[in-house]
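Keep the model open beside the text as you read.

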Amino acid sequence: QVQLVESGGGLVQAGGSLRLSCVASGNIFSINAMGWYRQAPGKQRELVASITNGGTTNYADSVKGRFTTSRDNAKNTVYLQMNSLKPEDTAVYYCNLDARGRYASLIYWGQGTQVTVSS
């Protein structure tokens, strides 16, 4: 059974910073990629950032230059450093894991952590 445990969410003022962490545990053969999604009230879930096992990163245009994702493959952990936060960044942030299964990729999701940015 695979489990994703997130931490680091909270309430910050505009211009502040937060660092989210997500640790994957369980019977994982290997990780193809890990990433972060977010969903704000009344909006669809969107990709924020992702990083492959090889280190290739991808960011939403709205967070480029402000957010940085990194990983520690030995610990099955992904991080999201969020700087210069804006009220528009307020959302529930979800950790995502794309793991290598026996025959195909397996997708897992964290429970979500609330990030609230005040004006």
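## Charged pairs, core and rings

K64 and D61 join their side chains in a salt bridge, at 3.1 Å from N to O. Both partners sit in the open: K64 is exposed, and D61 is exposed too. Please bear in mind that this is a predicted model. In general, side chains of opposite charge can pair when their charged atoms come close.

How many salt bridges does the structure hold? The count is four.

| Salt bridge | Distance |
|---|---|
| K64 and D61 | 3.1 Å |
| R38 and D89 | 3.0 Å |
| E46 and R38 | 2.8 Å |

Now for the network. Salt bridges link R38, E46, R66 and D89 to one another as a network. R38 meets D89 in a salt bridge of 3.0 Å. That pair connects distant parts of the chain, since R38 belongs to strand β4 (residues 31-39) while D89 is in the loop between β8 and β9, 51 residues apart. R38 also forms a salt bridge with E46, whose closest N and O atoms are 2.8 Å from those of its partner.

Are these side chains buried or exposed? R38 counts as buried because its relative accessibility is 6%, under the 20% cut-off. E46, with a relative accessible area of 27%, is partly exposed.

D89 deserves a visit of its own. Its loop runs between β8 (77-82) and β9 (91-100). With a relative accessibility of 2%, D89 counts as buried. The side chains of D89 and R66 are joined by a polar contact of 2.8 Å. Leaving aside residues up to four places away in sequence, D89 touches R38, V63, R66, F67, S84, V115 and V117.

Strand β1 (residues 3-7) has L4 and E6 on its covered face, with Q3, V5 and S7 on the uncovered one. This strand pairs with β3 (residues 18-25) in the antiparallel sense, over five bridges. Across from E6 stands C22 of β3.

Finally, the aromatic rings. Searching the whole structure turns up one aromatic pair. Y37 and W109 form this pair edge-to-face, at 5.0 Å centre to centre and with 65 degrees between the planes. Because Y37 lies in strand β4 and W109 in strand β10 (residues 105-109), the pair ties together parts that are 72 residues apart in sequence. Y37 counts as partly exposed at 23% relative accessibility, and W109 counts as partly exposed at 33%.

How values were computed:
Residues are numbered from 1 along each chain as its sequence is written. This is a predicted model: local features need pLDDT of at least 70, side-chain atom pairs count only at pLDDT 80 or more; totals for chains, interfaces and linings use all residues. Side-chain values use heavy atoms; hydrogens and water are left out. Helices (H or I, at least four residues) and strands (E, at least two) are DSSP runs, numbered from the N terminus. Buried means under 20% relative accessible area, exposed over 50%, partly exposed in between (1.4 Å probe, protein chains only). A polar contact is a pair of N or O atoms within 3.5 Å; within protein, one must be able to donate a hydrogen and the other to accept it, and residues adjacent in sequence count only if both atoms are side-chain atoms. Contact means heavy atoms within 4.5 Å. Two strands pair if DSSP finds at least two bridges between them. Rings of Phe, Tyr and Trp (its six-membered ring) pair if their centres lie within 6.5 Å; planes under 30 degrees apart count as stacked, over 60 as edge-to-face and the rest as tilted.
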